[in-house]
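Good morning, and thank you for making time for this item. Please have the sequence and the model open while I speak.

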Amino acid sequence: MRRLMTQSALMGAAVSLTGALALALPLGGAAFAQSTPVAITGGKVLTGTSVIENGTVVIQNGRVVSVGTGPAPSGARVIDATGKTVSPGFIAVDSGLGGSEVSSVQGSNDLASGANTISASFDVSYGLDPWSFTLPVARLGGITRAIVVPNHPGGGGGNHKDDGEDDFAGLGGGGLQSPGLFAGQAAIITLAQGNDILIKPRVAMIAPFGEAGARVAGGARGAEFIQFKETLAEVRLYARNKAAYDRAALRDLSLSRADLEALIPVANGTMPLIVTVHRAADIQQVLRLAKEEGVKVILDGAEEGWLVAADIAAAGVPALINPIDNLPGNFETRAARMENAAALNAAGVTIAIKGNEGSIHRAREMRYNAGNAVSHGLPYAAAIAAMTINPAKIFGEAGQAGELTPGAAADVVVWTGDPLEPLTTATNVFIAGQEQPISSRQFLLRDRYRNGGTQASGMPAAYNPQ
Amino acid sequence: MKMSRLRGASLGVLACAMVGALGLSACATTGTSSSTAGTENKGPEPLATGLDYAANRDPYPSTYQPLPRQNSAIVGATVFTGTGQKIENGVVLMADGKVQAVGGADLAVPAGYTVIDARGRWVTPGVIDVHSHLGVYPSPGVQGMSDGNEATNPNTAQVWAEHSVWPQDPGFNTARAGGVTTLHILPGSANLFGGRGVTLRNIPAMSVQGMKLPDAPYSLKMACGENPSRVYGSRNQSPATGMGNVAGYRAAFIAARDYKAKWDKWRDTGKGDPPTRNLQLETLADVLDGKILVENHCYRADEMIVMLDIAKEFGYHVTTFHHAIEAYKIAPLLAREHVCAAMWSGWWGFKMEGLDAVESNAALVDAPEGSCAVIHSDDPQLTQRLNQEAAATLAAGRAAGLNIPEERAVAWFTLNAAKAIGIADQTGSLEAGKRADVVIWSADPFSVYARADQVFVDGGKAFDRFDPAYQPTSDFELGQPGYGLQAATVNEGAR
């Protein structure tokens, strides 16, 4: 019954029970625990760490049981992947999936908060929508998990020129400013069909540095670093003196109690801080700051990272990058190059490859971004790792996701060919062992209009909701 | 000889402009207005060229000079002609900047030609991006360089994108490395009438005139939908709604009809004072005359249908709908009306009118007889990969059961794109007599791994991936962070 409700909601219209049942069929997918083993045989298997030709992947009860070259176990449902490629589900990083529906519709966007007292403590996990129509679209791009990150309200939009604030002559930069340095806390989600997509909330804290961070702090980078250090000092003071704070026996602190609490794991180095940073000089400052303060950081953006790749590698800091960023969009990305991914990887930096435009609607393009990194020097295996095991490692899911290895979640995608190629499509998507429908609202629209939008009976297509 | 062939039309206009500057007014009759036929008998005294909009439609003429070139033969590649042909082990002959002949291995290479061994590679016509803001929204995209939207009035048909183009935009160079040889630069979409677009050759030049494609028609950028009503509605000004948008288009064309009639009458009778020239109305009047093409930003099917009715109401033709997210809903209508649709594959969901996108849009639009499906960018990143964007829509179309071969789909970013901006007689396909705009790809261009190895514009080598002598940098790029440093080897993964 829950599934029926889901389908009705997806269609955006009240439909009869019979209609809903009919609708549910093409979207398919068993929504109950899968106990019959599934064996995917004959394909080229990218495990995340190796390649097995003519491999066999067996999954059962939501987990990968075995990955090898043997025959399918008896009683298994067999998916013949001969001539195809089998990969782990991809993990989208720096994503807004499930947190925003239509970018320009403010009410549908739960990724940015401009509240004065809720900055670091802002938690995206409460705003996630398991019924978001962005999820099936991303799933068809092979994405099975995502790190959903908040956006800083002063950070500006990610849309193209015709649709952003550039329409307004003389204005720019988004207008909103938050007094907080922090955008809030990220969550890990699954893209599996169902009514609960949250895997883990509060997996990382987000803070913009560079131009965006400077803007928040007063207009110059030097102010932000001071403010950041001062904030951590206050968090530590608070953490040591909670009882005094409760008695109002502590000096005034600039952050709310909620924000102070949220920052304790950052200050003690247990929660990673995703630092949005682009310029090589800013990256160096962030690495230095992280070392001085004992903060665990993840670089996000890092377009000029190749200039200081050795420093990033030496610090053991990973980077979330979009390898196709190759233009000097502003004065902090003047050294952007298509070879950034290759250079960072060669230097030993653990990289994860992002999708486009905030990895919401265009999250599915992450596999093409990886392909373009390959055509600009990144080894193929490293490109696959940058969408699978690397993000799993960076976000503490190693062994659980991003890899076809016994015991890991059965997030498996069967592709018509090389998954980095635009000409390739996904034919089967399993998430935690559940087969997902190869469909989306886009497919329903496509099929409604492909024959001219009119039924053979002469009735408008609106009477035939597929 | 070959120089005059390329510049012929502009030279006449240039001479005329020079004469006008000397105080002589002998050029008015070079105008191409439909009403000039009667000027010799009963027409008025010619005006100075700056005062009669029909006297000189080209006051900022092209000074484009093709790059140095030699007669060449590209041999051994898989050739997509852009006209639906695929030739294995093909030969493309380029002479005097033109495609001389295209054929199979049996096509003889004349003596003295430079032979380019392209075995194992692919050849296509030069990529054409019909919706670019390079130069007007350049990199760096800082406020001081944001020159794409004259968002001061719903009707700015008087502005010309070419007057905002910064030729030093590094994006021209990255686009060329993606095979882009021709760009149509448009103003943005803040207004109902955004201004004139211009078609450029993608070669480095000191000025926009040095990039202008000779004999390319001007266009008028029009915008439907959310952008104009949001921009002006937020200022408590019309248009604030879709109905305000339509009222704005209609009012403008009524004024343009009136303006054109006054000029026609004055030219026919010679009586009274000539009308005062109006830069805004003359662009619209030239649209009504069919001299300026309409490039209409319009996402939704219902809005496109209304725009076609407006075109009928006032007697003009919509050449292309841009960002036509819902074109798949009206594919047969667009084919019947001979209107091109320029589309993305992957973009959607950024605003309400982008909600109903389907990845297979271009493939579905391509299906009816007489269709004109185009892949466009509107973006300095995407313009570098229009071939990959086409591949994504091709795959989505195939998944939907449309059996479209690559040799047909290549037209989405070549020949159909040329049609969409009115230059298909000059470029867009590898056919004898057309400009030798050619890309040699390292692999099948529908592969993510394919890179443009060499790019030719009018037969001149404009880019070579393996030769720094053919990798131009803009003035802006000199001495910037990372300048002169190689980020990483690019040979490992490229195929």
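P239(B) lies in the loop that runs between helix 4 and helix 5 (242–269) of chain B. In this predicted model, the peptide bond joining S238(B) to P239(B) is cis, with omega at about 0°.

D94(A), although not a glycine, has a positive phi of about 55°, and D94(A) belongs to strand 6 of chain A, residues 90–95. As background, most residues other than glycine have a negative phi, and most peptide bonds are trans.

I turn now to the packing of two helices in chain A. Helix 4 (residues 210–217) and helix 5 (residues 221–240) of chain A pack at an angle of about 75°, and their axes are 7 Å apart. Helix 4 of chain A is therefore roughly perpendicular to helix 5 of chain A. On the helix 4 side, the residues in contact are G210(A), E211(A), G213(A), A214(A) and A217(A); on the helix 5 side they are R221(A), A223(A), E224(A) and Q227(A). Sorted by class, this contact between helix 4 and helix 5 of chain A has three nonpolar, three polar and three charged residues.

The remaining topic is the interface between the chains. The size of an interface is often given as the accessible area lost when the parts come together. Between chain B and chain A, the buried area is about 5,900 Å², with 57% given by carbon and sulfur atoms. Which three residues supply more than any other three of the area that chain B buries against chain A? They are W348(B), F350(B) and Y449(B), which supply 12% of that area. In terms of residues, 80 of chain B are in contact with 63 of chain A.

As for specific interactions, there are two salt bridges between chain B and chain A. A salt bridge joins the side chains of E359(B) and R364(A), at 3.7 Å from N to O. Helix 3 (171–177), helix 4 (226–233) and helix 10 (386–399) of chain B each give two or more residues to the side that touches chain A. Helix 10 of chain B gives the largest share, seven residues. By class, that side of chain B has 36 nonpolar, 29 polar and 15 charged residues.

Technical notes
Residues numbered from 1 in each chain as written. Chains lettered and ligands numbered in written order. Predicted model: local features only at pLDDT ≥ 70, side-chain atom pairs only at ≥ 80, totals over all residues. Heavy atoms only, no water. Axes fitted to C-alpha atoms, helices over the stretch in contact; angles between N-to-C directions. Helix = DSSP H or I, 4+ residues; strand = E, 2+ residues; numbered from the N terminus. Parallel < 35°, antiparallel > 145°, perpendicular 65-115°, else oblique. Contact = heavy atoms within 4.5 Å. Nonpolar A, V, L, I, M, F, W, Y, C, P; charged D, E, K, R; others polar. Buried area = accessible area lost by both parts, 1.4 Å probe. Salt bridge = Lys/Arg side-chain N within 4 Å of Asp/Glu carboxyl O.
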